[in-house]
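Please look through the structure below with this note beside you. The points go from charged pairs to a sheet and then to the packing of helices.

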Amino acid sequence: MEETTGTAGERHAVVIGGGLAGMLAATALFGYVDTVTVVERDRYPAGNVFRKGVPQARHLHVFLSGGLRALEELLPGTGQAFTDAGARTLYPPSDLVTRTSVGWQHRFEERRHGCLSVTRPVIDGVVRARVLRAAAASATRLEVLEATEAVGLTGDAGRVTGVRVRVRPGGGPSGGAGPAERTVPAVLVVDASGRSSKAPQWFAELGRPAPRQETVDAGLAYATRMFRPTGPAGAPDMGINIPGWPGSPRGAVYVPVENGTWLLTAAGVRGHHPPTDDQGFADFTATIGDPYIHGLLPHTEPVSPVYGFRDTANRRRHYERPGAVPEGFAVVGDANCTFNPVYGQGMSIAALDALALRRTLQSGGGLSPGLARRAQRAVARATEPAWMIAIGADRPYASGADARSSLGERLMSWYVQRLILRSVVDPALGAAFRDVSCLTAPPSRLMAPRTVLRTVLLPLRPGAGAPPTSVVPLQRAA
C-alpha cells in the first residue's frame with residue numbers, strides 16, 4: 001500500500017466528506033494546520049447543479065438563523081453571497097406562516113430570525129467558492145481529492161494517525177482506474193461523511209468499541225416538486241407550513257426559492273406516505289390538515305418531477321461520552337447526529353459543529369493533547385437543542401423501543417406542544433419558541449418563569465381561520 005507523506009514536521013489534517021459539513025469543517029481548521037486534505041467520493045459538478053452524492057438535495061432546504069450566524073463567523077460575507085445567488089430570506093411568523101391544530105399562526109411583525117430558503121446546489125456552490133477563497137487567503141493549503149473514498153483509519157485504539165483512501169472506479173485519469181490504496185497521514189482526522197459514516201466499523205478495526213447510538217424514527221417520508229407560479233394567485237406573499245398533528249398525520253410546506261420558483265414538499269408518517277407520481281402527489285395535498293396549499297396548484301406549473309425521500313430517522317452517536325473517540329479523531333454533522341430533515345436543522349448544525357471545532361482550537365491552544373475529546377463535547381453542546389426539538393416532535397409517532405420515553409420527556413413534550421399552540425396568538429411565547437427552534441438560544445429559554453406561566457395558566461385560543469393577509473404590529477398584539 002502506497003503511503004503519502006508531507007514535508008517533515010508538517011501539520012496535516014484530513015476531512016472525510018466534501019459536502020457542506022466537510023467544507024465547513026475544513027474552514028474551521030484554517031490557520032491551525034499546514035494542509036487540509038478533503039476526501040470526497042464525488043466529482044464536483046460545474047455550476048450549481050444537483051449531484052448524485054447528496055441524496056436529499058432535491059428537497060426543501062433552509063438555513064436557520066442560528067446556523068447562518070455560525071456560517072457568517074466562519075466565512076464572512078456568505079449570507080450576502082447567498083442573496084446574490086437568488087436565495088430568499090423568510091422571517092417567521094411575518095412571512096413564513098404555520099397552520100396548527102387550533103388555526104393559523106397570526107402574522108406578527110417579527111424580524112428576529114431570517115431563515116434562508118434556497119436549493120441545495122446553490123448552497124453547496126456558494127459555500128465551496130467561499131471556502132476556496134478563504135483557503136487562498138490563509139496560511140493553510142487546501143487539497144481536495146475528488147472521486148476518492150475513505151476506506152479505513154490508520155493508528156490504533158488510542159490514536160488515529162491517518163486515513164486509507166482509494167480512487168473510486170472510473171475516477172482515475174480519463175475515467176480509468178486510479179492508483180492503489182494509499183494512506184494520507186494526519187495529526188487530526190475529521191469525519192464529515194454524513195449519514196453513511198463508517199466510523200463505527202472503522203473503530204472495530206482499530207480494536208475499540210463503537211459509540212452508543214440512539215435512534216428515534218417517526219416513520220416519516222416526504223416528496224418534493226418544484227413549481228413556477230403562473231400568476232399572483234400561485235405566489236402568496238408568505239411561505240406556508242402545514243405540518244401534521246395528532247389526528248392529521250399528513251402535511252406540506254410551500255416556500256419560494258431562487259429564480260421565481262417554489263418548492264412544495266408533502267410529508268406523512270407510516271401509512272400516510274405521499275405518492276411520487278404526478279396525480280397522486282397533487283391529490284395527496286388535498287388530504288392534509290388545511291386545503292390552502294392544494295388550492296394554489298391550479299395557479300402553478302410543475303418544472304420538475306416528484307422526488308421522494310424516506311431515510312428520516314433521527315440518529316445520534318454519542319461520541320462525546322468519556323473515552324468514545326481516540327485522540328486525533330473528531331466527528332461532525334450528520335456523521336455525528338442525523339436529524340429528520342423535515343425540521344430543516346441539518347445544515348445549520350453542520351455550521352454550528354464547525355464553529356464549535358474552531359472555537360475549541362482557539363480556546364485550547366490549537367492541536368494540543370485532548371483536542372478530540374474537547375471538540376466532541378463542544379459539538380455535542382451545539383447539537384443538543386436541535387436533537388431535543390427533533391425527538392420531542394417525532395417520539396409520539398415512533399414505534400417499538402423508539403417510542404419509549406421517560407415521564408420527564410412526556411411532560412416536556414406536552415409543555416412544548418402547548419407552548420406552540422399558545423404562541424399562535426401570543427407573540428411573547430412565539431418569540432421564545434423561535435429563539436430555540438432557530439438555534440439561537442438553549443432549551444432553557446422555554447423555561448423562563450414568565451414563559452412557563454403564560455404557557456400553563458393562560459387558556460388556548462383559536463388562531464385565524466385562513467392564512468392572514470396582513471402583518472400585525474407587535475405593539476398591538478402583545
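Which side chain meets that of D311 in a salt bridge?

1. The partner of D311 is R315, and the distance from N to O in this salt bridge is 3.2 Å. The term is used here for a side-chain nitrogen of Lys or Arg within 4 Å of a carboxyl oxygen of Asp or Glu. D311 is partly exposed, with 32% relative accessibility, and R315 is likewise called partly exposed, at 29%. For these words, buried means under 20% relative accessible area, exposed means over 50%, and partly exposed lies in between, with a 1.4 Å probe and protein chains only.

2. Before reading further, please note that this is a predicted model, in which local features need pLDDT of at least 70 and side-chain atom pairs count only at pLDDT 80 or more, while totals for chains, interfaces and linings use all residues. Residues are numbered from 1 along each chain as its sequence is written, and side-chain values use heavy atoms, with hydrogens and water left out.

3. Side chains of opposite charge can pair when their charged atoms come close. A search of the whole structure finds 22 salt bridges. One of them joins R166 to E149, with the closest N and O atoms 3.2 Å apart. This pair links distant parts of the chain, since R166 belongs to strand 11 (residues 160–167) and E149 to strand 10 (residues 148–155), 17 residues apart. Helices (H or I, at least four residues) and strands (E, at least two) are DSSP runs, numbered from the N terminus. R166 is partly exposed at 39% relative accessibility, whereas E149 is buried at 15%.

4. R445 and D435 also form a salt bridge, and their closest N and O atoms are 3.0 Å apart. R445 sits in the loop between helix 11 (427–437) and helix 12 (449–457) while D435 is in helix 11, so the pair ties together parts that are 10 residues apart in sequence. R445 is partly exposed at 28%, but D435 is buried, with a relative accessible area of 7%. Both residues belong to a network of salt bridges that links E110, R112, R434, D435 and R445.

5. Three strands make an open sheet in the order 14-21-23, with antiparallel pairing; two strands pair if DSSP finds at least two bridges between them. Strand 14 (213–216) and strand 23 (337–338) are at the edges with a single partner strand each, so one side of each has no neighbour in the sheet. Strand 21 (residues 314–317) is joined to strand 23 by 2 bridges, and R315, the salt-bridge partner of D311, has T338 in strand 23 as its bridge partner.

6. Helix 2 (residues 65–74) packs against helix 8 (residues 346–363) at an angle of about 45°, their axes being 8 Å apart. Axes are lines fitted to C-alpha atoms, for helices over the stretch in contact, and angles run from 0 to 180 degrees between N-to-C directions. Contact means heavy atoms within 4.5 Å. Among the residues that meet are L74 in helix 2 and R358 in helix 8.

7. Which residues does T27 touch, leaving aside its neighbours within four places in sequence? T27 is in contact with L74, L75, V131 and R358. T27 lies in helix 1 (residues 20–29), and is buried at 1% relative accessibility.
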